[in-house]
Structures are given as structure tokens and as C-alpha cells.
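Thanks for coming, everyone. I'll walk through one chain today and stop at a few places in it. Have the viewer open.

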Amino acid sequence: MRITEAAQTYSFSRRAVLLGGLQAAVGVVLAGRMTYLAVYENSKYSLLADSNRISMTLTPPRRGWIVDRNNKPLALNRTSFRVDLIPDRVEDKVKIVAQLADILKLTPEEEARVETDLKRAAGFQPVQVVENLDWERYAAVSVRLPELPGVQPSQGYARYYPLGAGSAHLLGYVGAASADDYRKLQDKLLITPGFKLGKDGLEKMEEGALRGKPGAKRLEVTARGRLVKELASRPDEPGKNVKLTVDIGLQEYAARRLGPESGSAVLIDLLTGGILAFVSMPAYDPNSFSDGISRSEWAMLREDERVPLMNKVLQGLYPPGSTFKPATALAALGGGVDPNRVVYCNGGYQLGNRRFGCLGRHGPMTLHTAIARSCNTYFYTVGRDVGPDAVAIAARKLGLGAEYPLPLPSQKYGTVPDPAWMLRRRKTQWAVANTLNMAIGQGDLLVTPLQLAVLAARVASGREIRPQLLADRAHGGGPLDFPPEHLAMVRSGMDEVVNGHGTAGRSKLPFPDIRMGGKTGTAQVRRIAGGARGGRNVPWKYRDHGLFVCFAPVDNPRYAASVVIEHGMSGSGAAAPVARDMMTYLFDPELAMKRLTELEAGWGGDYRARMDARGEAFRAAQAAPPPPPPEDAARAAEATASEASNATARSADTSASRSGEAPE
């Protein structure tokens, strides 16, 4: 078929029209899409573009300070340079850690800790390399950032505790959030480098008040994340300050005065119920936990038989021994026992074929002399006369067996037994022997040092003192449910303990016009073969505890205290001198400090110096590097403390029913 020129021209024109139409349609679609993206999706893609160019970061809020009753800081913030690692951004972890170790002069133990933390960390959870850096090392890292992917230096604030171990169990400490914390809360602040939250003590319980609101920064960065400039920022809002009833001077003095002993001391202001001193020693340094505790320090704390991780004020459970006798005395008076009734002490009390011993042969005893001389025979007798229920009721009125609304975790109730408790707990009937043991503070009785301080405070003041730590909640309490004349008789006997012919005559206050009343106690830890007591002839952990409760001045009580020295062997020898010096500090700090300086010269310095020396000795004795501390050190420390607390309760269960035979 012959194709004409006209046909060819027509065919070409048709194809051109179709192709041109197709091109026009594609152009319209492209123009429409470009218009849609440029106009309708402008904000979306502008935001995506900015996200590549602009980095949004949170700024950790400054925590509120914790201050004492005179607004002196117990926990504060200090400007700090720090270096963190962001695991997801680290390309070669081994190489980066080695480079940082060289730049920052990390010890092998510090390097090992960082490697362990990197293995445990998840995603963007920051890993602290070092905190509280000097400017030179901080700058050395900052200038090498292009060579250190995943390394994030920052300037912020670090928590600082001026008293160190002296306030550890009161304040607790702060630490980085764990992976579990983030999974539970899903709060990006928790994975912000430099942010720390309360892990124990007041820091944990008052987290809501102490934590402020985070700030934010908009930063322009390069594709490799290097800072170009800061575009905008929103300042953080600091947390609120928390004011305590504690006196920082007395707190430090009490911590130092306990010396190398394992024990606790609590002192209460009777006008307000405010706790002026709350000390458990030995303790850990909260600054170490906040900065990242080393392997060797964690191992040393974990292995110490004196359990520095346990808050002995709230978690230590002890038989009160003879410090319980004021409760028995009040029960006897309430039960109609004549305070002038004479009970003859021939060295013990016979119950069937079993003899319950006394401290000695005291001869004729009245209520007053029995308290002063701590005569077990008298209290066996009157305790049996009034019965266990009356004694238990009096003990509970004096604050034993109770929990108090303090902003601190893991408070123990203790045990005030009675026949109903015995049937419920032991599935057995109460025996007369149980009454005799209870009357002198032994048997199943268990108390905390805080409860002993409350007992002393209530006897001294005649009011239902409820201890407080927060200054805005302190109050004096209402009248105690005991006749004032009965309380006066007990106080008179406690005055005689220290200032007359009592068991703590060597602990008189060094003032002619100020007297301290008190009651010594020695609590048996466990039965020793052959009926021996837990003195120096047995291992430390089997020795008797020494306890002392007191108040001053006798004629117008203002302060009350308890001191417990674990395995101190006697209340008069170990605990009473500590209480005397604490009371002395309140009336004459200079005189008390002079005495303390003399004592510390023989102890090897204050608690800071002794802890440093012990740490060096521990590290030197290690044949191999200790294992790393657990990922959640706070939880592990809590478990250690709970185990130790339960152990003290179990040892009390195995203690002999024969009690009170050692000098007090």
C-alpha cells in the first residue's frame, strides 16, 4: 500500500498531539504534587529538615537543697563537668573507651566500670564515664569530639553531701535512672545525660519536691552532630528546698562520736518532736554512690560484717534489755503496785526449777532503787504481778511496736509480744517465763533505736511525742495516757541512774547545774555454751549489745536520746558515754569538741580519714579485681540491709532466756 505525504503528515501530527498531551498531563501532575508539597506539606517537611539541622535537648533540672533547721545545707548542688557515652551512637566501644581512658587518665577499675555499664545500657540510656572533671580534661575531650562518636561532654550540676557518710542513712543519695526506671515511666528526662533521681533516704521519698522542671535547648548541628550554634533555650525550674529538723552540727558530732563502733544515735527535741540527730554508723559515702561507686568500694561495703549499708536507726532490731524497765515500772504503777513496796533481791528469781538471774544481790529494792540499780529481781516480781498484757499496753503507749510517718523507706515495727501474739505467731500458750523475760526487756521483744528514743522522749515530756524530720510538720503532741505522778517517779529513778548510786554514774554531764537522767541496758544476742555471756571472750558478732536512753535537763526536760552500740557489751560502758557527749554538745559545743578531738586521736582520725584508710587497705589486700557492682546498686543495698535486719531478729530469737546478768 502506497502511503502518501498527506497521510504521513496526519499520522505525525496525531502522535505529536498525543505525546504533547501526555507530557502536559505529567507536567500538571508534577506541578500539582510540587504545589502540594510546597504549600500544604510545607510545615511537615520544614520540620523534618530542621530535625536534621536542629537538635532538641533537655536540660536536667537543678534539685532543691536539703537544709537543716538553721538553713545550713545538708545536700546541695555544685557546678560540674562530666562526660557520658550514648551507646547507640558509639561505633567501636572498645576503641572509644580506650581513647577516653587515655585522655581522662582513668584507672583500670574506672575503665572496667565503664565497659560493664556499656554492656548493661540500653539504647540511648547514657553511661557516665566521669563526673566532677577539671576544666583541662573536659576541654581535652571537647576538642576531640569529631574523633569520638557517641561521646557527650556536658556542663551541669552534681549533688554534693558535705557530711558524707555522716548523713548517708538520713539523706540517701541520687543516681542515674536504671533501664527498669525508664521502661516503667517512659520519661525522656530519665535518659538525659546528667539527670539523676533519688535512690534512697530523703532523696528518694521527697523526689516530687526536690526534682524541678527540666529546661530545653535548640541547637544547630552539622550532619555529624557537631554544634554550630545555640538557637534558643528555656531555663530549668529548680526543685523546692526541703527543710529538716536536724541540726547539722549535732549530726556530724554524733557521727564522729560513735567512732569505730557499729551503732546508732537519735536525739529528739521535746518541744517539737523534731529529730535533731539521726545517725547510723558505719555508713557509706553518698557522694560515691552519686558519682558512680567503684568495684572495690562496693565489695568493701558488701562484705563488712558491721553492715554499713543498713540504716540501723530504722532497720536495726534489738532486744531493749533494761532500757525497757521504765515501761514495766509504769505498768506496775498503773496496776496498783505501791512504789514503796520492798522486794528483796537475793541475786535472782526462782520459777519452779528454773532460776532467772539478776545483776547482783541488791537486797531490799523499791521502785526508785530498782530503776537506779537495774534490779532484775524487782521487775521479775512486779511484771509477774501485773501480767504481760499490762506491760505490753504500757510499752505501746511509750511508742514501741509502732511505725512513724517519716519520709524514709524501710522502717521496721519491731515486736511487742503478748499472749494473743504468742498464740497467733508461735501457735503456743504464753508462759510465766515469757512474762519474766519481757519484764526486763528480753525474750521476744524487739525495738528499733528510733522507738527507744521515742520511749525516752515520752517518759521525759509526759506527752505523746511523734518524731518528725520535716520542719513544717513538727509538733509537740498531746498528753500521754499515764498519771503525771507515775511518770515523775520513773524520771526520778532515771535521775538516780546517772546522778546517784546507779548504773551510769560515770556518764554525768560536766555541768554543776544540768543533770541528765537515763537508763542503761545490755541485750543478749544469743545463748553461749555453758551459760557464758557475750563479752570479749567471744567473737564480735556474738557479744551483747549496749543500749542507753536518756533525757536532759532532769528538772525541765528539753532533749531525749537513745544510743545503741552493737555488740558493745554494756550500756554503761559503750552507749552512755556517747549520749553524755551528745548532750554536752547541745549545752557547750566547745567542751564536747575538745573531748572528741582527744578520742579521735586514738581512733586514727574522724570517720572520713578512717574510711579512706580502710579503703586503701582493702584495695591493697585484693588478690584479684572484685566483681562489678550490680546494675541497680540501690536495690542491692536495700536487699543487703533487709537481710541484715532479719538476721538481727533471728539472732534475738535464739538468745537465752537468762538475761541481764552482765554489768550494764
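Where is the place of Glu566? Glu566 sits in the loop between β19 and α22. Keep in mind that this is a predicted model.

Stay with Glu566 for a moment. Glu566 is buried, yet it has no salt bridge. Which side chain of opposite charge is nearest to Glu566? That is Lys312, at 4.5 Å.

What does the side chain of Glu566 make polar contacts with? One partner is the side chain of Ser262, at 2.6 Å. Another is the side chain of Tyr318, at 2.7 Å. Glu566 is in contact with Ser262, Gly263, Met310, Lys312, Tyr318, Trp540 and His545.

The phi of Met569 is near 80°, a positive value in a residue other than glycine. Is Met569 buried or exposed? Met569 counts as buried because its relative accessible area is 17%, and the cut-off for buried is under 20%.

Compare that with Lys105. Its phi is positive too, near 60°. Lys105 lies in the loop between α3 (93-104) and α4 (108-120). Lys105 counts as exposed, with 61% relative accessibility. Why flag these angles at all? Because most residues other than glycine have a negative phi, and most peptide bonds are trans.

Which residues does a cis peptide bond join? Pro282 is in the loop between β12 (275-281) and α11 (286-291). Another joins Ala552 and Pro553, with omega about -15°. Pro553 is in the loop between β18 (545-552) and β19 (559-565).

Hold on Pro553. What separates its C-alpha atom from that of Asp513? The answer is 8.9 Å, for residues 40 apart along the chain. Asp513 lies in the loop between α21 (484-499) and β17 (517-523). Asp513 counts as exposed, at 61% relative accessibility.

Now salt bridges. How many does the structure hold? There are 26. I'll take a few of them.

Start with Asp269 and Arg558. Their side chains meet in a salt bridge of 2.9 Å, N to O. This pair links distant parts of the chain, 289 residues apart. Asp269 is in strand β11 (residues 263-269), and Arg558 is in the loop between β18 and β19. Asp269 is buried, with a relative accessible area of 5%. Arg558 is partly exposed, at 28%.

Next, Arg113 and Asp117. The closest N and O atoms of this salt bridge are 3.3 Å apart. Why are these two separated by about one helical turn? Because they are four residues apart in helix α4. Arg113 is buried, with 12% relative accessible area. Asp117 is partly exposed, with 25%.

Then Arg137 and Asp134, in a salt bridge of 3.0 Å, N to O. Arg137 is partly exposed at 25% relative accessibility, and Asp134 is partly exposed with 31%.

There is also a network. Arg63, Arg159, Glu203, Glu207 and Arg211 are linked by salt bridges.

Which residues make the nonpolar patch of about 510 Å²? They are Leu19, Leu22, Val26, Leu30 and Met34. Take Leu19 from that set. Leu19 lies in helix α1, residues 5-40. Leu19 counts as partly exposed, at 48% relative accessibility.

Last, the whole chain. Its secondary structure comes to 25 helices and 19 strands. Of the 664 residues, 54% count as buried. The chain exposes about 29700 Å², and carbon and sulfur atoms supply 52% of that. Take contacts between residues at least 6 apart in sequence: 74% of them join residues at least 24 apart.

How values were computed:
Residues numbered from 1 in each chain as written. Predicted model: local features only at pLDDT ≥ 70, side-chain atom pairs only at ≥ 80, totals over all residues. Heavy atoms only, no water. Patch = residues over 30% accessible without salt bridge, like charges linked within 9 Å, V, L, I, M, F, W, Y side chains within 5 Å. Areas by Shrake-Rupley, 256 points an atom, 1.4 Å probe, with all protein chains shown as cover. Salt bridge = Lys/Arg side-chain N within 4 Å of Asp/Glu carboxyl O. Buried < 20%, exposed > 50% of the residue type's maximum accessible area, 1.4 Å probe, protein only. Contact = heavy atoms within 4.5 Å. Lys, Arg positive; Asp, Glu negative; His and termini not counted. Polar contact = N/O pair within 3.5 Å; in protein donor to acceptor, adjacent residues only side chain to side chain. Lists of a residue's contacts leave out its neighbours within four places in sequence.
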